[in-house]
Amino acid sequence: MNQRRPFSIGHAAKMGGVSVSTLRSWESLGLVQPHKSESGHRSFSSEDIDRIRRIEQLRRIEGQSLSAIRKKISSDPLPKADDADEGKVQRLPIDYNKIGAKVREMRKLARMSLRDLSVKTDITVSHLSMFERGAAFLSPARLSAVADVFGKSLAELLGGTSNDNLPFVRKGGGRIVGTFGPGVSIEQVTVAERMMDVELWTIESGRESDGFYSHDGEELLHVLSGELEVTLGARDPVLLRSGDSAYFSSSTEHRWRNPGAGKAVVLWVNTDSARASAMQFRGGGRRLELGTSHSDGLGEGALDLQLQEGCETYRVMETHTAGHPTRILIEALEGLDGETAAEKAEAFREKYDHLRNLLLQEPRGHTGSFGLIPFASQTADFGAFFITSYGYPSLCGHAIFGYAKALSALNRLEGRTDFTIEMPGATVAVKLRRTRDEIDVEMPGTFVLQDGIEIEHDGRTFEGALVGGGSCQLLIDCDQADIDLNSENLDDILSLGAALKQAYIAKAVSSHPPIDNVLLFRKTDEGTRRLFLAIDRHRYDRSPGVTGLSACMALEATRGTLDTGHKIEAESIFGGRLSGEIISIAKATDGRLVCVPNISGRAHLNGVSTLIVEPEDPLKRGFLGT
């Protein structure tokens, strides 16, 4: 790949805030000119991304047509990547005074009225309206309140810098932001790129933050010249002069003003806690932050953990859906090449398969552990592929529920309740119903491959059905077996599931597809379906099973006992519950009925963990027990 153009088309689209198809359209019009390899692979430089952002700003914020933009760009071209020089980094000043248009777009996307936003921010409707039209400014405190509504930091709302991680920035080489009205100017040295956001603020006499505000992270400010009065919470105001500094938690309510006769120039440094939590710490650091001390527990009084030299740490978010866990890796992984979920999963298999064992096998996991690796999708709102203690499934319903819960908790949805997730096996639509804290997932089309298949086991004949759609399952009604589906019979249920799977494998001929698992089910006296998804003798789904419930509904619909719009409830042997309904039924060309199920349920947060790998641990890469 061209060394000066390191970004793929998917990465460039994400950083520029446009779709991949839009970029290709702009390329055909001559607005952008990526590097193309002999195989046709496109790559972009940071200057290309600056150009993309400029085009998008002219199109969306200033409302210019593409033909007008092409003329403007042609007469005032951005510097080419090959002209870049580390010692001559220049970044174009960007007029962010019309950032109101960006806020308006986010508000419309969240289906929020001006009055709704006014109530949440305590800013009048008229002022918000003028701000969105570019006719008024918002103070730092008020703009911070707006950013908070959409789950963004102030830096994210203003936009970050992009300088190819160059270590030096010349005087005046930052990006100039003038969002807070006359009298406050910000030069962004580096923002939303690394652990620290670094800015130079120039504040004219009499200007102030217009009230208290707070956000995540920590911050340092150092007065280079002039005076700045800073107030933290209920403390008395403190006047800082040239050479003075302040360091505090950004979650503390704070305000500032320039009471002096001249301008104040301040070096302002912020850390972003969300960005910090996504960092992967290897080798160099030997201290792991524990948090604030409050009482006399074992960990209290110590704000960090002393780690052995050479330790690796991995941060994960833990969730469960109706009882089955999902461990979501929140570290950034490099080198996950490919454009699709399947290609990303294969890249992970080639480069990071040892992490699958480390994260999910014992002693940090168990045979039933399930993992999810997020990635930025080019075709959906979010992307994910799955890892287990024993392999790489292409589709998993319960993990999608956990992922949706995590995205909401991490404020990655920006007010949206409807979004899509790309997986190796399919792309699904997800909807959050916040009033009931429930999640709806529209699963892929599910269909019966064969009904009435006979399986011989222990001198008895069991009649079942093969159901496909993301995975292939053998469904067996437990009314045929002398066994109750309850937790006390777990060992017997697992034995039966494993035996039926082996009997099917022994019986299967070329016309019979391989199966992923066996779904044992029974309809209870209350009308619910009790489901147990057996993978093998030691592995099983602790929940009723999202794909299992989908398969059960497709079988009932094919048999004529379930129609669209009729909701059914499902439970696991441990008490976890899901519900589902078929939202459409269509007949395929081969005559099969293809059902599209919608599964509803809840996912819950279990915690955020830091997994530690000591270099001398003989079992650090994990092992599988039973």
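The model is predicted, so local features need pLDDT of at least 70 and side-chain atom pairs count only at pLDDT 80 or more, whereas totals for chains, interfaces and linings use all residues. Residues are numbered from 1 along each chain as its sequence is written, and side-chain values use heavy atoms, with hydrogens and water left out.

**Overall make-up**

The protein chain holds 14 helices and 30 strands. Both are DSSP runs numbered from the N terminus, helices being H or I of at least four residues and strands E of at least two. Of its 626 residues, 46% are buried, a term that means under 20% relative accessible area, with exposed set at over 50% and partly exposed in between (1.4 Å probe, protein chains only). The chain exposes about 29700 Å², of which carbon and sulfur atoms supply 47%; accessible areas come from the Shrake-Rupley method with a 1.4 Å probe, and for residues only the protein chains shown count as cover. Among contacts (heavy atoms within 4.5 Å) with a separation of 6 or more, 62% join residues 24 or more positions apart.

Strand β7 (residues 218–225) is joined to β10 (residues 245–249) by 5 bridges and to β12 (residues 264–271) by 6 bridges. Leu220 has Tyr247 as its bridge partner in β10 and Val269 as its bridge partner in β12. His222 stands opposite Ser245 in β10. In a regular strand, side chains alternate between the two faces of the sheet.

**The three-stranded sheet**

Another open sheet has 3 strands in the order β9-β8-β11, also with antiparallel pairing. Its edge strands, β9 (238–241) and β11 (254–257), each pair on one side only. The twist here averages 25° from one strand to the next. β8 (residues 227–232) pairs with β11 over 4 bridges, and Leu232 has His254 as its bridge partner in β11.

**Cysteines and a buried asparagine**

A search of the whole structure finds 0 disulfides, a disulfide being a pair of cysteine sulfur atoms within 2.5 Å.

| Residue | Relative accessible area |
|---|---|
| Cys311 | 2% |
| Cys472 | 9% |
| Asn598 | 13% |

Asn598 lies in strand β29 (residues 593–601). Leaving aside residues up to four places away in sequence, Asn598 touches Asp440, Val441, Glu442, Ser579, Gly580, Glu581 and Ile583.

How values were computed
Two strands pair if DSSP finds at least two bridges between them. Axes are lines fitted to C-alpha atoms, for helices over the stretch in contact, and angles run from 0 to 180 degrees between N-to-C directions.
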